[in-house]
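Here's a quick tour of a protein model, written for someone who likes to check geometry by hand. Have a look at the fold before reading on.

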Amino acid sequence: MMSHTSEKPFSCSECGKCFTASGSLKTHMRCHTGEKPFSCAECGKCFTLSGNLKTHMRCHTGEKPFSCSECGNCFAQNEHLKTHMRCHTGEKPFSCSECGKYFTASRNLKTHMRCHTGEKPFSCSECGNCFAQNEHLKTHMRCHTGEKPFSCSECGKCFTLSGHLKTHMRCHTGEKPFSCSECGKYFSQKGNLNKHMQCH
């Protein structure tokens, strides 16, 4: 009868939210108590819902049951697939209230907002320099560790940044993408073009 009448006799004593079944109320109460009864046997991380634990387990098993119908990429979570699909549809539902720029994912908007707020939550444990993005901190850390993960397939020279490797590769390919608007001379690096422009 409850399902037909939409009666919700079970109410939360904390916030007043009502539920049809006592089990639903019991599950809801965990958001107030902080109880997380479902734990991962692999890493010990705890969860409020069994479904969340099931989703989490995929990071250990490598299971990716959600696949993109456009390109075949697979994802562990349906939400990740939905976000991915926007790169095919062009949808950008998240907009910046400051400059109006649009983004496909809320996390990208959150990161972008730091250029307006000046927030830099990622700090270097070695020198204290702060960064707006974790990726920028990871790149910075290489100046302390000496790590050079990008190597040239032609001569084996290694670089800290992928951009530096890309620039270096031009000495092997002979590519000169920067041209002088005055005399038409070509250069492999933008810095060399800028120096050249001074003669004009």
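Predicted model: local features only at pLDDT ≥ 70, side-chain atom pairs only at ≥ 80, totals over all residues.

## Domains on record

UniProt, in an unreviewed entry, lists "domain: C2H2-type" for residues 10-37, 38-65, 66-93, 94-121, 122-149, 150-177 and 178-200.

Let's pick out a couple of those spans. Residues 94-121 have end C-alpha atoms 22 Å apart, with 43% of the span in helix and 14% in strand. For residues 150-177, the end C-alpha atoms sit 21 Å apart, and the make-up is 43% helix and 14% strand.

## Helix α7

Which residues of α7 are buried? They are Leu165, His168 and Arg170. The buried residues of this helix pack against three strands: β11 (150-151), β12 (158-159) and β13 (178-179).

## Arg86 in helix α4

Now for an arginine elsewhere in the chain. Arg86 belongs to helix α4, which takes in residues 78-89. Is Arg86 buried or exposed? Its relative accessibility is 16%, and the cut-off for buried is under 20%, so Arg86 counts as buried.

What does Arg86 touch, once neighbours within four places in sequence are set aside? Its contacts are Glu91, Pro93, Phe94, Thr104 and Ala105.

Key:
Residues numbered from 1 in each chain as written. Heavy atoms only, no water. Buried < 20%, exposed > 50% of the residue type's maximum accessible area, 1.4 Å probe, protein only. Helix = DSSP H or I, 4+ residues; strand = E, 2+ residues; numbered from the N terminus. Contact = heavy atoms within 4.5 Å. UniProt positions renumbered as here; feature names shortened; annotations may be inferred.
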